[in-house]
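Subject: Structure handover

Hello,

Here is the structure I promised to pass on. Please open it first, then read my notes below.

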Amino acid sequence: MSVAVHRTFVTLVLALVAALVMPLAAGAVVLPDELVATDEVDGAPVVEEIDRGLLEEPTPVELPDAVSPPPPHALTPDDEQEVVASATEDEEITVADLESPDETDVSDAPEHAKYPTLSTAASTGRDTHIAAGHSHGLYLDSKGQIWAWGLNSSGQLGNGTRASSTTPVPVDMTGVMANSEMVAVAAGARHSLALDSEGNVFAWGRNGFGELGDGTRVDRSTPVRVGGLLAEQPVERISGGGNTTDAGIQGNSLALGANGRVYTWGAGERGRLGIGTSPASIATPALVGGLIADQHIVDASFGTNNAVVLSSDGRLFSWGDGSYGALGNGTTTTSASPVAVTMTGVLSGVSISQVDAGQLGSIARSVTGELFTWGWNNAGQIGNGTTSNSTVPTRVDMGALEALGNRPIQASAGPAFYMALGADGRLAAWGLNTSGQLGAGTNVNASRPVAVRVDGVMVGANIIQVTNSSSGTTLALADDGRVFAWGIGGSGGLGNGSSSNANAPVQVGGLRTTIQPEDIGVTEGDDAKFMASSNELTATVQWQSSTDGGHTWAPIIGEISSDLIILATTREMTGTQFRAVFTSASPFPNTVVSRAATLTVQELEDPPLITLHPVNRVRSLVDLEVTLTADAVSPTPMTVQWQSSADDGSTWVDLVGATDKTHTFVATEDLDGALFRAVFTNPAGAATTDSALLQVVLRAPQAHLSVTPTTRLVTEPELA
């Protein structure tokens, strides 16, 4: 995994070499993977103890079947979830095209006129403006300012603090970089690198193994200049590497000089410095010799414990940990000096233009856009449909890439996965995906290339550079300066304001929508109000509308506040969608689009239809309850209000609280003769029931009957 960079003032030299020798192209940045070692490094200086309390337990990941476990010093999927808790445009840089016209595919590469300093970043890998370390990221904007985000335990954000940040913060460039024009950035395990237009290299962050190259082993929270052999030797490319072992966080750095020589410094275990020995560490740059001593190197990349370089005559060399065939020379032997990668077989007669080292393996791209990989293949990262390791280069399934419409112009290596940037600005990926590293919207490994999702924040984005980190994070840069990220987001490594993983691209930056507009249904003629807001008060907003289901959007002139009010809606507006586009006012490019809300306008309906009128009631006793009932039907929501009249219907008064279809009250003497009615109302109008009369009859005195006895004369019957 590397960051490869081209210096402006050596363009002519390299172009001449390319014309005389062979077509060339440069590689992209890739960063170190975290490795877990069980063996100690003899004599390794322990400058700073790791706070193990900050490390979360790794999330177990089941390895694919029929795959042998990795060596004890290799990063396994179990290690990928290490998360450390967080605290708290315009001068053009031109680059000579090093590929010959008859072999290169640069003509199909995207144009970069909108971002002049990246005029050839996609087609040649030069001028890298994004870099990803282990849980931190870097971005060099078009004005020359470097931004950083993520973990900052060793000062790797370069802002003079040790406070981590889930959103980008500016690197302090007031010191040794004050008068420099920056052209590239790179990142290692816990440190950061930058290159200026004069070939000077700067570094900051973790320095326990001398990875900053300033001759010390003291961490730096602001940039220092790399010295030693590079003090007078201009550099054209930089690359960061490293891993985490039980001996500590071991970082590495690499520089490719304008003289075609390779320089390395930092941790030296397992021969990864390529200098013929395996010292505990080197705090100033050392020259890599051996087989490449007389070679003019045109591309170089540092991975975890392995490195790969490309010479001007088209040969590949590698060194470091050879487990699982990581060096591509047909063996699994570790080498502290460069060895030749096997160029027979699939590489026979192939012209290579770019290389990138990953975790126990590497990837190479030919001038015609073919991709070749070798090494560890536990999750299908070889890309040929298998999970079998390969000690020699093998061809990636180009049919799968062709089916995706991807003609690679850049290849990038991550921990157990690879990526290809196509000429159309789209991305494909394959390999380990347990935390969304492939950006495909899933968490399923892929042994053949799959497409990175572009239906979210990356809609319409033309990607010109991609890079991966050793922790499983991917960064992608668009030609308009926007930066996207996905994969493992621990400690804010995605730079989007959170520490959560993402299996599809998110946009780097702190801007986010806090209130989303909701779907609205109104009656014709009424106003409709949509609301949206962001977390940045200084962000600007522009409302947009779409009448074709969200396929195309047009700005609504003058609607630049958080509330959007559509006056006097009509039926023709039904189905129209509205969204708010927020743009950060900070120098860091950032735009967030809200969800799309749909407007539904209902046709104006008739007033409610009365179906039940209240009836007259008579109460012969005072203080007894009276219940009146009324009802109506309405196609739209309606309200009810009971009224009463004490003057035979001349005036009516609303009864407080009487808003149900039934109205119950107590009959009193003063209500005798009162009229009652119910009024039903909907948006189209009102309907009133017939009135009902209440009679309250007072209790009358009860009549009592008296019986007066009477005398009845009874005569005895006469005797016969």
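Where does N501 lie? N501 is in the loop between strand 27 and strand 28. Strands here are DSSP runs of E with at least two residues, helices are runs of H or I with at least four, and both are numbered from the N terminus.

Some ground rules before the rest. This is a predicted model, where local features need pLDDT of at least 70 and side-chain atom pairs count only at pLDDT 80 or more, while totals for chains, interfaces and linings use all residues. Residues are numbered from 1 along each chain as its sequence is written, and side-chain values use heavy atoms, with hydrogens and water left out.

**Loops**

Back to N501. N501 is partly exposed, at 37% relative accessible area. (Buried means under 20% relative accessible area, exposed over 50%, and partly exposed in between, with a 1.4 Å probe and protein chains only.) The C-alpha atom of N501 is 4.5 Å from that of G489, although the two are twelve residues apart along the chain.

S491 is also in the loop between strand 27 (483-487) and strand 28. S491 is buried, with a relative accessible area of 1%. Its phi is near 65°, a positive value in a residue other than glycine.

S135 has a positive phi too, near 75°, and is not glycine. Look for S135 in the loop between strand 1 (130-132) and strand 2 (136-140). S135 is buried, at 4% relative accessible area.

N443 sits in the loop between strand 23 (427-431) and strand 24 (446-451). N443 is partly exposed, at 39% relative accessibility. Leaving aside neighbours within four places in sequence, N443 is in contact (heavy atoms within 4.5 Å) with N433, T434, S435, G436 and N503. N443 and N503 are 60 residues apart along the chain, yet their C-alpha atoms are separated by 6.8 Å.

**Salt bridges**

Side chains of opposite charge can pair when their charged atoms come close. How many salt bridges does the structure hold? There are twelve. A salt bridge here is a side-chain nitrogen of Lys or Arg within 4 Å of a carboxyl oxygen of Asp or Glu. Here are some of them.

- R453 pairs with D455, with the closest N and O atoms 2.9 Å apart. R453 is partly exposed at 35%, whereas D455 is exposed at 53%.
- D563 pairs with K529, with the closest N and O atoms 3.8 Å apart. D563 lies in strand 35 (residues 563-566) and K529 in strand 31 (residues 528-531), so the bridge ties together parts 34 residues apart in sequence. D563 is partly exposed at 29%, and K529 is partly exposed at 43%.
- D631 pairs with K661, at 2.9 Å from N to O. D631 is in strand 42 (residues 631-633) and K661 is in the loop between strand 44 (653-654) and strand 45 (662-666), so this pair ties together parts 30 residues apart in sequence. D631 is partly exposed at 25%, and K661 is partly exposed at 36%.

There is also a network of salt bridges that links E236, R237 and D299.

**Nonpolar core**

In soluble globular proteins, nonpolar side chains tend to be buried together. A nonpolar core is a set of buried Ala, Val, Leu, Ile, Met, Phe, Trp, Tyr and Cys residues joined through side-chain atoms within 4.5 Å. The largest one here has 19 residues. Those with the most contacts inside it are A528, F530, W543, L564, F578 and L599. At least two core residues come from each of strand 30 (520-523), strand 31, strand 33 (540-546), strand 35, strand 36 (577-583) and strand 38 (597-602).

Take A528. Not counting residues up to four places away in sequence, A528 touches I520, V522, L564, I565, I566, T569 and L599.

**Largest pocket**

The largest pocket has a volume of about 650 Å³. (On a 1 Å grid over the protein atoms alone, a pocket is an open set of points where a 1.4 Å probe fits, with protein on both sides within 12 Å along at least five of seven lines; lining residues have an atom within 4 Å of a point. The volume is the space filled by probe spheres set on the points, which are joined across faces, edges and corners.)

The lining has 23 residues, and the closest to the pocket centre are G456, V457, R579, V592 and V593. Strand 28 (502-507), strand 36 and strand 37 (591-593) each give two or more residues to the lining.

By class, the lining has nine nonpolar, ten polar and four charged residues. Ala, Val, Leu, Ile, Met, Phe, Trp, Tyr, Cys and Pro count as nonpolar, Asp, Glu, Lys and Arg as charged, and the others, Gly among them, as polar.

Best wishes
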